[in-house]
Amino acid sequence: MDPLHLRSAGTSLVVSFSSGEAEVIHWGADLGSELPDLSILTEAIPNSAIDATVPAGLLPQASSSWRGRPALRGHRIADGVSGLDFSVRLRTLRATGNGNSANVVQQDAEAGITVESSLTLHDGGLLELRHTVTNTGISPFQLDELATVLPVAPDAVELLDLTGRWCRERHPQRRPIQQGTWVRTGRHGRTGHDSSLLFAAGTAGFGNRHGRVWATHLAWSGNHEQFADTLADGRTMIGGSELLGPAEVVLEPGASYTTPTLFAAYSDRGLDGISEAFYSWFRSRPHHVLPAASANAGSGKPRPVVLNTWEAVYFDHNLGTLIELADSAADLGVERFVLDDGWFRGRRDDTAGLGDWFVDETLWPDGLTPLIEAVTSRGMEFGLWVEPEMINLDSDVARAHPDWIVGPAAASHKNGGRLPLAWRNQHIIDLVNPEAWQYIFERIDALLRENNISYLKWDQNRDLTEHGHAGRSSVHEQTLAAYRLFDELRKAHPGVEIESCSSGGARVDLGILERTDRIWGSDCNDALERQTIQRWTGIVVPPELVGGHIGPTTSHTTARTHDLSFRAITAFFGHFGMEWDVREVQGEEREELKRFIGLYKEHRGLIHSGRMVRADVPDDSLMLHGVLAGSVAGAAGSIESGTTAALFALVSTRTSFSEQLGRVALPGLEAAGRYRVEAIFPAPGDADYAHTFTQVQPPAWLASGAEASGRFLAEVGLPMPSLNPEHALLLKVTAL
Ligand code: DGJ
């Protein structure tokens with residue numbers, strides 16, 4: 001069988017079949033169209049080892065003497081005996097390629113196992129890989145794991161993955177690659193605050209814009225593992241798998257299981273190249289939210305400016321107050337008003353009501369219509385918060401259907417079954433139960449049919465611990481049932497956008513993003529924390545899909561106080577909104593906020609379609625990130641003169657080591673292009689302008705702008721003003 005060679009955007013993937021099984025012999029830099037005779041890659045046979053070379057299979061297997069983590073683990077149960085067919089020997093049956101997609105079928109006829117692998121290398125270089133295992137035997141096969149893995153080159157010596165907690169999601173951690181396995185396990189039943197959105201291996205010291213990087217993402221919102229497995233023979237595989245519960249997947253004869261998709265990208269220009277591959281894929285999806293009509297982007301619906309009521313009023317829902325808030329929001333230029341938690345039956349605080357998805361008659365005697373009309377008549381869309389997968393014991397639905405509450409026991413808690421420990425006073429509704437699923441579907445469907453709702457903020461505020469259906473572990477089924485709920489509601493209401501929120505950012509993955517239109521990055525609206533959370537969320541997810549809100553002046557989650565400009569510039573590089581009682585914003589501050597919202601509306605087309613850059617800045621008190629017009633490398637120079645070529649944020653996170661920042665390069669612009677750089681926010685008339693700088697006199701160019709070529713800006717840079725800690729400056733680059 002001839003090797004398969006997929007090529008796109010500087011990446012090659014070569015699958016060889018010479019050993020009898022499929023083996024990825026190269027995933028990395030583009031190799032050009034001609035491949036040599038691949039037998040030159042036949043490895044040596046070391047001492048004290050099997051008498052054959054050991055392929056690093058597309059599905060590494062012990063039957064080929066792979067001594068690392070095998071891709072497939074499971075066993076057959078026949079005539080009351082379990083543990084049979086514990087080691088399969090998959091051989092390639094057929095392999096077909098079609099452009100940049102390939103399909104490989106491998107089989108062990110004796111063990112009764114077939115695995116079909118689908119590989120697609122998308123135009124921007126993002127690889128999509130998944131396997132489907134089918135039990136072709138005559139007795140049940142219990143699947144314990146089916147992993148998706150890829151090899152990385154030997155010069156990858158460092159690992160980067162992300163971790164976090166509530167209000168501090170997606171922070172990076174790095175370590176050298178050493179022999180052994182580094183595993184990140186998520187047992188939350190949801191993606192998890194600590195989940196690693198990206199799992200990357202790279203060359204020594206790889207950074208934002210330098211070094212070779214191989215990175216993976218597992219598109220799954222349930223239990224999972226991501227790992228790097230380095231063998232004593234020096235080879236490293238990275239990848240991941242769904243973490244299955246005990247006997248959660250038992251394949252009857254003829255039945256199949258498909259892995260979550262592993263997305264993978266290679267970059268020879270650091271992490272920015274990885275983000276480009278992901279962004280390009282997101283933006284090529286037919287259902288991707290469209291960028292705004294603007295000088296720099298295509299036409300479509302702009303991402304509306306949001307006002308979310310949570311940090312403005314919490315559970316204190318009062319029609320008069322909310323209409324005042326809507327008034328104030330409309331005056332500022334808000335385009336979508338989202339009513340958060342607290343509107344449904346019995347929901348005065350977080351102890352009751354979840355599951356009773358009826359508008360609370362005592363709070364809202366005329367339903368939500370008066371508020372919705374107040375919002376829509378002021379030119380804004382109306383959005384509503386829901387948490388469909390959850391249930392409070394103190395709810396009518398829990399009282400009527402105790403057996404719909406998830407627990408480890410087969411019996412309901414009313415019949416002696418044990419419930420998992422409560423979390424924010426809440427439990428999980430068993431969506432694997434078709435009646436419970438149907439009830440939830442019908443309630444949300446009815447709300448959407450009966451009210452003029454354009455947007456759902458879909459929350460999920462607890463881990464799925466001890467998650468059982470009929471006494472058996474069922475996170476796998478619950479995750480699929482939740483996906484089905486999203487899918488069916490979207491099908492029934494194609495015009496409604498959905499946000500994935502989960503105690504902030506605990507459900508951020510490409511599985512949920514396939515069925516939602518944005519994610520809520522974190523419950524932390526503190527701009528300093530948000531800079532890091534958004535930077536690392538943005539490594540995979542483009543800014544138009546990441547909600548970013550200006551919170552109150554003093555953060556409700558950290559008690560830090562920040563100027564408006566720092567909070568605003570931070571929220572600017574996302575899907576912008578506010579979560580603040582904006583009635584209290586008056587005078588100069590209100591004028592500054594209005595001006596800023598105007599800037600966002602002017603530039604959102606660029607932010608939501610451009611190429612993200614994050615500079616490698618030597619002073620670690622500083623972050624410089626931006627977005628360039630043109631979504632592919634090199635396009636920035638070819639934009640029309642007079643239009644915005646880039647926006648950069650210069651961000652100071654603490655006091656700098658040196659008394660001056662000195663020259664800071666602005667990377668990514670077309671070398672031969674000529675540009676004008678200006679600082680546009682905060683501006684001299686703004687309330688917090690004076691607090692922003694530490695120097696007696698900022699660099700001369702700041703007053704009137706600087707003009708230079710892209711090469712000069714990238715190689716020499718501009719002397720930047722020293723900023724006070726926790727302040728930021730927005731720079732605009734115009735093509736000349
Ligand atoms: C958690 C979310 O992350 C918040 O934004 C808010 O919607 C609350 N839940 C409401 O209960």
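The structure is a predicted model, in which local features need pLDDT of at least 70 and side-chain atom pairs count only at pLDDT 80 or more, while totals for chains, interfaces and linings use all residues. Residues are numbered from 1 along each chain as its sequence is written, and side-chain values use heavy atoms, with hydrogens and water left out.

**The ligand**

Select the ligand and display the 13 residues that surround it, of which the closest are Asp340, Asp341, Lys457, Asp459 and Asp523; a residue belongs to this shell if one of its heavy atoms lies within 4 Å of the ligand. By class the shell holds 4 nonpolar, 3 polar and 6 charged residues, where Ala, Val, Leu, Ile, Met, Phe, Trp, Tyr, Cys and Pro count as nonpolar, Asp, Glu, Lys and Arg as charged, and the others, Gly among them, as polar.

Next, look at the polar contacts, meaning pairs of N or O atoms within 3.5 Å (within protein, one must be able to donate a hydrogen and the other to accept it, and residues adjacent in sequence count only if both atoms are side-chain atoms). A side-chain N or O atom of aspartate 523 lies 2.4 Å from an oxygen atom of the ligand, one of aspartate 340 lies 2.7 Å from a ligand oxygen, and one of tryptophan 385 lies 3.1 Å from a ligand oxygen. Taken alone, the ligand exposes 290 Å², and the protein buries 98% of that; accessible areas come from the Shrake-Rupley method with a 1.4 Å probe, and for residues only the protein chains shown count as cover.

**Histidine 193**

Move to histidine 193, in the loop between strand S14 (180–186) and strand S15 (199–202); helices (H or I, at least four residues) and strands (E, at least two) are DSSP runs, numbered from the N terminus. Histidine 193 counts as buried because its relative accessibility is 12%, given that buried means under 20% relative accessible area, exposed over 50%, and partly exposed in between (1.4 Å probe, protein chains only). A polar atom of the histidine 193 side chain lies 2.8 Å from the backbone oxygen of serine 503. Leaving aside neighbours within four places in sequence, the contacts of histidine 193 include Trp166, Arg170, Ser502 and Gly505, contact being heavy atoms within 4.5 Å.

**Arginine 490**

Arginine 490 is in helix H7 (residues 475–492) and is buried, with a relative accessible area of 18%. Not counting residues up to four places away in sequence, arginine 490 touches His287, Ile498, Arg515, Thr516 and Asp517. The C-alpha atoms of arginine 490 and threonine 516, 26 residues apart along the chain, are separated by 8.8 Å.

**Salt bridges**

A salt bridge is a side-chain nitrogen of Lys or Arg within 4 Å of a carboxyl oxygen of Asp or Glu, and by this rule the count comes to 52. Begin with arginine 130 and glutamate 128, whose side chains meet at 2.5 Å, N to O; arginine 130 is partly exposed at 24%, whereas glutamate 128 is buried at 16%.

Then select aspartate 331 and arginine 590, which form a salt bridge at 2.8 Å, N to O. This pair links distant parts of the chain, with aspartate 331 in helix H3 (residues 319–332) and arginine 590 in helix H11 (residues 587–607), 259 residues apart. Aspartate 331 is partly exposed at 41%, and arginine 590 is buried at 8%.
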